Amino acid sequence: MKKRHYILGALAVVILLPVIAAALTWGDRALPGGDPLPPKFADWRMPDVEANMVVYLLPDAPIPLRSLTDETGAPIAGAEGVALGPGGRYAARLQFTNADDAAAAIDQVDFGGWKGRDGANLSVLGWNAEWGVTIRTAWARNTRVSWQEREPAVWRGWSLLPDDPPAPPLAFGFVRNRSDLTERMLREAGLSAGSIGSALGFARVDLAAFAVYGEMATLPYNRGADFLRDADIGVLAVAESGYPGVVLRLFFGTLASRAGLERADVDGQEAYHRTFEERGLHVMLTRYGRTVYAAMAQSRENAEALVRSVAESQRSRG
């Protein structure tokens, strides 16, 4: 009899566990849209290198690269940044409109390490020689792989971005939540690396895909929050927590509070807001199940517009 009860109990567990798991994850995340990237980014593929951050800037028309001494520098048609982490393992490639402009700009662009030109392209690297050779070779040979193959989570993340953002897309990218890389990026952005970085870790966020929206008259030399302010753009990042949505809902408010954000719903959608006054930057968080969105902009109005565009897309996809 005991053996029979044991077998029946085991069968019940086998049957009930999938049902419970399905109940916990039903409607557990934001809904994806159609093509993750708009047409002008459709041909972009990932450089075939190990990377924890990649970003590709592609304006609708060439924009001047502003240097420290020149307000109207040579125009660039695009730019790609790749990073494995601190310690010199980062690189950028600027695509000028012609080889002469690239040659003229090489003396003005300073990245602290190696720099070289290949036709209309100007590459600048950190000082890590081994990784630098890898990315230089990939760019020179145009060795690339599809995002679906190399980084499927990034591809899915872009599909969760809004269909009708408040400004045209200017750049796409991703960053993996490695503590050294994330904290450095947050510091350069003028954000409180400790509070926000620890909140991301607590939420078990491993990777964030993002898009940059807006229009640029010039490409500012400054980085971080100064770059956001000078360029008049907004950033929307999306990530999925390692916790089920029903669990994340229980402590999301506490998580946001630990990062210094306060409750500030947008048209009835749960959201949290913080102002970084010293940088002129506003950050807003919202979530759908275990999918978390973070909007950054120069004004609260623009940050709310990004959150609102997410809500409108999710309603239309539902």
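Select Ser 241 to start: leaving aside residues up to four places away in sequence, Ser 241 touches Ala 203, Arg 204, Val 205, Leu 248 and Arg 290. Keep in mind as you click around that this is a predicted model. Ser 241 sits in strand S11, which covers residues 233-241. Is Ser 241 buried or exposed? Its relative accessibility is 1%, so Ser 241 counts as buried. Now show its side chain and look for Tyr 243: the side chain of Ser 241 reaches the backbone nitrogen of Tyr 243 at 3.0 Å.

Phe 251 belongs to helix H9, residues 245-258. The C-alpha atoms of Phe 251 and Ala 203 are separated by 9.1 Å, and the two residues are 48 residues apart along the chain. Phe 251 has 16% relative accessibility, and buried means under 20%, so Phe 251 counts as buried.

**Next stop: helix H10**

Select residues 300-317. That is helix H10, with 18 residues. From its first C-alpha to its last, H10 reaches 26 Å, close to the 26 Å expected at 1.5 Å a residue. Colour the buried residues of H10, among them Ala 303, Leu 306, Val 307, Val 310 and Ala 311. What covers them? The cover includes helix H5 (152-159), strand S10 (205-214), strand S14 (281-288) and strand S15 (291-297). Strand S11, where you found Ser 241, is also part of that cover.

**Then: helix H3**

Jump to residues 129-141 for helix H3, which has 13 residues and reaches 18 Å from first C-alpha to last. Which residues of H3 are buried? They are Trp 131, Gly 132, Ile 135, Ala 138 and Trp 139. Turn the view until you look down the axis of H3: these buried residues fall within an arc of 130 degrees, so they line one face of the helix. Here is a handy rule for that view: an α-helix has 3.6 residues a turn, so residues three or four places apart point the same way.

On the other side of H3, you'll find Ala 129, Glu 130, Ala 140 and Arg 141 exposed. To see what covers the buried residues, show strands including S1 (46-47), S4 (75-85), S5 (89-96), S7 (121-125) and S8 (144-145).

**Last stop: the aromatic rings**

The structure holds twelve aromatic pairs. Phe 41 is in the loop between helix H1 (2-25) and S1, while Tyr 56 is in strand S2 (residues 53-57), 15 residues apart. Both Phe 41 and Tyr 56 are buried.

Phe 172 lies in strand S9 (residues 169-176) and Phe 41 in the loop between H1 and S1, so the pair ties together parts that are 131 residues apart in sequence. Phe 172 is buried, as is Phe 41.

Finally, select Phe 41, Trp 44, Tyr 56, Trp 147, Trp 155, Trp 158, Phe 172 and Phe 174 together: ring pairs link them into a cluster.

Now zoom out. The protein has ten helices and 15 strands, and 49% of its 318 residues count as buried.

Notes: Residues are numbered from 1 along each chain as its sequence is written. This is a predicted model: local features need pLDDT of at least 70, side-chain atom pairs count only at pLDDT 80 or more; totals for chains, interfaces and linings use all residues. Side-chain values use heavy atoms; hydrogens and water are left out. Helices (H or I, at least four residues) and strands (E, at least two) are DSSP runs, numbered from the N terminus. Buried means under 20% relative accessible area, exposed over 50%, partly exposed in between (1.4 Å probe, protein chains only). The expected span of a helix is 1.5 Å times one less than its number of residues. The arc is that of the directions from the helix axis to the C-beta atoms. Contact means heavy atoms within 4.5 Å. A polar contact is a pair of N or O atoms within 3.5 Å; within protein, one must be able to donate a hydrogen and the other to accept it, and residues adjacent in sequence count only if both atoms are side-chain atoms. Rings of Phe, Tyr and Trp (its six-membered ring) pair if their centres lie within 6.5 Å; planes under 30 degrees apart count as stacked, over 60 as edge-to-face and the rest as tilted.
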